[in-house]
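Q: Hi! I'm new to this one, could you walk me through it?
A: Happy to, let's look at it together.

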Amino acid sequence: REGWRRFRALEARIDELFPGPGSGEDPGAEPPEDGLPRAPGYELIGVMPAYIEAASALETLRGEGLRLALLAQDSPDAAEAALRFAGLRDRSDLVPSAEEAGAYKPDPRPYRMALERTGTTEDELCHVSAYWWDVLGAKRAGLQTGWVARQERALLDTVPEPDYRGRDLADEAGAIVARLRG
């Protein structure tokens with residue numbers, strides 16, 4: 001519960017500094033049913049548009065015969081809704097949720113669960129993300145990783161080097177395809 005209180009205090013401070021959608025929650029509120037904290041704006045995830053290159057990047061990978069999965073940090077229902085809203089659900093073969101693994105990323109359990117659900121090996125699965133903590137978690141689980149330098153322009157020194165780097169998803173898809181065609 002101490003971690004929850006610290007998270008809520010931080011969330012309240014962020015709401016003070018950046019008021020807007022997702023702010024104004026009661027800092028004394030009880031944690032969600034699963035007991036895990038939610039980021040400010042969490043309830044907006046189902047109405048977030050995809051990045052403009054997302055659909056074509058996924059199609060590039062599918063065109064190479066690759067199966068695609070999206071490892072969601074949120075609930076399965078929220079992930080499905082977000083993908084449908086973004087027009088990307090039909091491009092993902094599988095949508096496992098970290099919630100189903102009983103731990104949230106960057107804990108290695110969600111990545112290992114995704115590995116099991118896809119029926120692949122570590123060297124056959126590449127986890128692509130724009131977040132350093134996702135690269136860290138996937139590497140700890142033994143997966144290949146791709147990092148999209150969209151918001152963070154440099155990785156922390158403590159984060160293992162990703163196998164692929166790109167400015168956007170199209171760059172990542174191109175790098176993965178180039179290595180496949182090797």
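**A first look around**

A: The protein has seven helices and three strands, where helices (H or I, at least four residues) and strands (E, at least two) are DSSP runs, numbered from the N terminus. This is a predicted model, with local features needing pLDDT of at least 70 and side-chain atom pairs counting only at pLDDT 80 or more, while totals for chains, interfaces and linings use all residues. Residues are numbered from 1 along each chain as its sequence is written, and side-chain values use heavy atoms, leaving out hydrogens and water.

Q: What pattern does the protein follow along the sequence?
A: Reading along the sequence gives α-α-α-α-α-β-α-β-β-α.

Q: And how much of the protein counts as buried?
A: Of its 182 residues, 37% are buried. Buried means under 20% relative accessible area, exposed over 50%, and partly exposed in between, with a 1.4 Å probe and protein chains only.

Q: How many bridges link E1 and E2?
A: Four bridges, in the parallel sense, with E2 covering residues 144-148. Two strands count as paired if DSSP finds at least two bridges between them. Cys126 has Gln144 as its bridge partner in E2, and His127 stands opposite Thr145.

Q: Which residues of E1 are on its covered face, and which on the uncovered one?
A: His127 and Ser129 are on the covered face, Cys126 and Val128 on the uncovered one. In a regular strand, side chains alternate between the two faces of the sheet.

Q: Let's zoom in on Tyr164. Is it buried or exposed?
A: Tyr164, in strand E3, is buried, with a relative accessible area of 7%. Not counting residues up to four places away in sequence, Tyr164 touches several residues, including Cys126, Gly146, Trp147, Glu172 and Ile176; contact means heavy atoms within 4.5 Å. The C-alpha atoms of Tyr164 and Gly146 are separated by 4.3 Å, though the two are 18 residues apart along the chain.

Q: What about Asp168, where is that?
A: Asp168 is in the loop between E3 and H7. Asp168 is buried but has no salt bridge, and the nearest side chain of opposite charge, Arg167, is 5.1 Å away. A salt bridge needs a side-chain nitrogen of Lys or Arg within 4 Å of a carboxyl oxygen of Asp or Glu; Lys and Arg count as positive, Asp and Glu as negative, and His and the chain ends are not counted.

Q: What does the Asp168 side chain reach, then?
A: The backbone nitrogen of Ala170, at 3.1 Å.

Q: Changing topic: which residues does the cis peptide bond join?
A: Lys105 and Pro106, with omega about 20 degrees. Pro106 is in the loop between helix H4 (98-101) and helix H5 (108-118).

How values were computed:
Polar contact = N/O pair within 3.5 Å; in protein donor to acceptor, adjacent residues only side chain to side chain.
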